[in-house]
Amino acid sequence: QVQLAESGGGLVQTGDSLRLSCAGSGRTLVWYNLAWFRQAPGKEREFVAGINRSGGTTDYAYFAKGRFTISRDNARNTVFLQMNSLKPEDTAVYYCAANSEFISATITDYLHWGQGTQVTVSS
């Protein structure tokens, strides 16, 4: 089994940047496709970005493309989400998730989840 723990969230202003990290433990992450999701208050959890095992393939939600970058460092057993040009609508709890089969934007395809890290963007 693999455990995931997000960090790096915080309170920032519009236009600022944040770098989220998700560290794996219990098992190497090299065998997992990884993704970031987010959930705002009163909203459904939504896909943000995904990355395959080697890091050679990525996928982004429309709102994230051009502003967010997902990457991974398998030697450090960590996946990152670099978020630039943040907007108030990016405010949410951000979760990382692991999928042993494929990159997917579907929540139920992911078997392992972290506890989330809060990102708040003020205007």
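User: Which residues does N52 touch, not counting those up to four places away in sequence?
Analyst: In this predicted model, N52 touches N33, T57, R72 and I103 once residues up to four places away in sequence are set aside.

User: And where does N52 sit, and is it buried or exposed?
Analyst: N52 belongs to the loop between β5 and β6, the latter being residues 58-60. Its relative accessible area is 17%, and because buried means under 20%, N52 counts as buried.

User: What does the side chain of N52 reach?
Analyst: The side chain of N52 reaches the backbone nitrogen of G56 at 3.0 Å, and a polar atom of that side chain also lies 2.9 Å from the backbone nitrogen of G55.

User: Switching to cysteines, how many disulfides are there?
Analyst: The count comes to one disulfide, formed by C22 and C96, whose sulfur atoms are 1.9 Å apart. The pair links distant parts of the chain, with C22 in strand β3 (residues 18-25) and C96 in strand β9 (residues 92-99), 74 residues apart.

User: What about its handedness, and are the two cysteines buried or exposed?
Analyst: The torsion about the S-S bond of C22 and C96 is about 50°, so the disulfide is right-handed. Both cysteines, C22 and C96, are buried.

User: OK, the core next: which residues have the most contacts inside the largest one?
Analyst: The largest nonpolar core has 27 residues, and those with the most contacts inside it are W36, V48, F68, I70, L81, M83 and Y94. At least two residues of this core come from each of β3, β4 (33-39), β5 (46-51), β7 (68-73), β8 (78-83), β9 and β11 (117-122), while β9 gives the most, with four residues.

User: What is Y94 in contact with, beyond its neighbours in sequence?
Analyst: Leaving aside neighbours within four places in sequence, Y94 is in contact with E6, L20, W36, F37, R38, V48, F68, L81, M83, G116, T117 and V119.

User: Last one, R19: which strand is it in, and what does it touch?
Analyst: R19 is found in strand β3 and, not counting residues up to four places away in sequence, touches S7, G8, F80, L81 and Q82. The C-alpha atoms of R19 and Q82 are separated by 4.4 Å, although these residues are 63 residues apart along the chain. With a relative accessibility of 43%, R19 counts as partly exposed.

How values were computed. Residues numbered from 1 in each chain as written. Predicted model: local features only at pLDDT ≥ 70, side-chain atom pairs only at ≥ 80, totals over all residues. Heavy atoms only, no water. Disulfide = S-S within 2.5 Å. Buried < 20%, exposed > 50% of the residue type's maximum accessible area, 1.4 Å probe, protein only. Core = buried A, V, L, I, M, F, W, Y, C linked by side-chain atoms within 4.5 Å. Contact = heavy atoms within 4.5 Å. Polar contact = N/O pair within 3.5 Å; in protein donor to acceptor, adjacent residues only side chain to side chain.
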